[in-house]
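Please keep the model in view while working through the numbered points.

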Amino acid sequence: MRDFVLVKLTDEEFDDFSARHPQGNFQQTSAMGRLRAAQGIDVEYLALKEGEKIVAAALFETHRSRFSIFAAIHDGPMCDYHDTEALTFFMDALKRHAKAEGASQLEITPESPYRLRDTNGASLPDDQNGAPDNKLIEQLEAIGFTHGGFTVGYTAVPRWRYLKDLTGVTDEKSLLKSYDKRTQWSVKRAQSMGVHVRELSDDELGVFARIERQTAERRSFEYRGEAYFHRFKEAFGSKAHFMVAEIRIDEYMADMTAKREALSAKVAALTAKNAERPTTKTERQLGEETRNLAAAEKRLNEAAEFAKDGDVLPAAASLFVEHPREVIYLFSGSVERYKPFYASALIQHDAMLHFCVEHGLSRYNFYGIDGVFDDPDDEGRGVLEFKQGFNGYVEELPGEFVLPVKPVAYAMKQFAHKLLSR
């Protein structure tokens, strides 16, 4: 008979376990605990000990409202879902704890992958973790959990993730080469157009919030508000990076002016050469460079219009979160007017380079996609194609599981939910 006991961990003990566990993630850290607590949620760090060794742990949340109480573990618990004895003991202990807190149910979303897929959503071979982990589902259902199903679509805790493996990428050159051709071009184009990426200071988070709000309004998703981003930064500290990609108009105009002058000189030389001795080759070159000159003139005129907005123009912003296991791209927004500057591609490239490659971290998590790969009209198509441009893979998670803690209260809550959803 194995010797198990449920214990509470300190912040430091919990973070140490999360850092070492293969399912460790930013949702399962004391930083997230501080953020949840600031939102009025009761948080505890509960763990399963076998002898003196911690074998499982979870950030346990108790959500209380006027109408209901429920317990939740986001992207967890961190445990071996194939160890029947340990899993059963741990979940039974968590159920008892949830009941003692007055919860009607316990909701979990395991971080353990259900299966891995390629960039287009096709299952990888079994020896590359492409086989479905049906045992995890069977184990949890045997304990009494109800599986929410293999859903698609965006959810608060994404069931579908897009990731990039940076193993073997050692510098910016090899990083850039790992993208598809279109994304390589976008990054280089942004770099040539006076776009620079920097981290926002705490008192500049309004810049991030404004871009995020504009994007939320344009794409019809929930905007969390500037106060939330300040709380996030306060909770995560140096592990949260609010980054902005800015267009330096004077730099862009100087570069475009130099290009226009060079092209103008080239066109003049080809015109003179063709007038003196016309050839098919010279005429072709003259036509090509004349078109290039016209394009440069057009871009310079457009830059003059953008210059009316200011000298430095925030074009895109993103929030990245560091965890010892990975870097997560969590939130982002962009200014539609500055889309031709490809700032969103550059900000991803910069994050991968400075937060992962330079620190030897191989796992970059683009986070949520909606899991739809075969519908060009799907609302998440643009997000998917943008992330696919960086050449990664898909991690399909098992999704949500619910364990009734107080069956009568749980049944009443489900009935009320059905009535409200009619």
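1. Y364 and F366 are both buried, where buried denotes a relative accessible area under 20%, exposed over 50% and partly exposed anything in between, computed with a 1.4 Å probe on protein chains only. The ring centres of Y364 and F366 lie 4.8 Å apart with planes at 85°, so this pair is edge-to-face. Rings of Phe, Tyr and Trp (its six-membered ring) are paired if their centres lie within 6.5 Å; planes under 30 degrees apart are stacked, over 60 edge-to-face, and the rest tilted.

2. The model is a predicted one, in which local features need pLDDT of at least 70 and side-chain atom pairs count only at pLDDT 80 or more, while totals for chains, interfaces and linings use all residues. Residues are numbered from 1 along each chain as its sequence is written, and side-chain values use heavy atoms, with hydrogens and water left out.

3. On the overall architecture: the protein has 13 helices and 15 strands. These elements are DSSP runs numbered from the N terminus, with helices (H or I) of at least four residues and strands (E) of at least two. The C-alpha atoms fill a box of roughly 95 × 45 × 45 Å along the principal axes. Of the 422 residues, 49% count as buried. Among contacts between residues at least 6 apart in sequence, 74% join residues at least 24 apart; a contact means heavy atoms within 4.5 Å.

4. How many aromatic pairs does the structure hold? There are 27 aromatic pairs. One of them joins F26 and Y367, edge-to-face, at 5.8 Å centre to centre and 70° between the planes. This pair links distant parts of the chain, since F26 is in the loop between helix 1 (11-20) and helix 2 whereas Y367 is in strand 13 (residues 363-369), 341 residues apart. F26 is buried at 3% relative accessibility, and Y367 is buried at 7%. Both residues also belong to one aromatic cluster, whose members include F208, Y228, F229, F232 and F236.

5. Helix 2 (residues 30-38) and helix 8 (residues 226-236) have axes that come within 8 Å and cross at roughly 140°. Axes here are lines fitted to C-alpha atoms, for helices over the stretch in contact, and angles run from 0 to 180 degrees between N-to-C directions. The two helices are therefore oblique to each other, given that angles under 35 degrees count as roughly parallel, over 145 as roughly antiparallel, 65 to 115 as roughly perpendicular and the rest as oblique.

6. Which residues meet where helix 2 packs on helix 8? Helix 2 contributes A31, M32, R34, L35 and A38, and helix 8 contributes Y228, R231, F232, A235 and F236. By class, this contact has eight nonpolar, no polar and two charged residues. The nonpolar class is Ala, Val, Leu, Ile, Met, Phe, Trp, Tyr, Cys and Pro; Asp, Glu, Lys and Arg are charged; the others, Gly among them, are polar.

7. Helix 8 also packs with helix 7 (residues 205-219), at an angle of about 130° and with the axes 9 Å apart. That angle makes helix 7 oblique to helix 8, and the crossing is right-handed. L205, G206, F208, A209 and E212 of helix 7 make the contact with E226, F229, H230 and K233 of helix 8. These residues divide into four nonpolar, two polar and three charged.

8. The axes of helix 6 (residues 181-192) and helix 11 (residues 343-356) come within 8 Å and cross at roughly 100°. Helix 6 is therefore roughly perpendicular to helix 11. S186, V187, A190 and Q191 in helix 6 meet A345, L346 and H349 in helix 11, a contact of four nonpolar, three polar and no charged residues.

9. H82, in the loop between strand 4 (69-73) and helix 3 (84-100), is partly exposed at 36% relative accessibility. Leaving aside residues up to four places away in sequence, H82 touches D133, K135, L136 and Q139. R20, in helix 1, is exposed, with a relative accessible area of 56%. R20 and R34 are 14 residues apart in sequence and 20 Å apart in space, C-alpha to C-alpha.

Definitions and conventions. Left-handed = near helix turned anticlockwise from the far one by under 90°.
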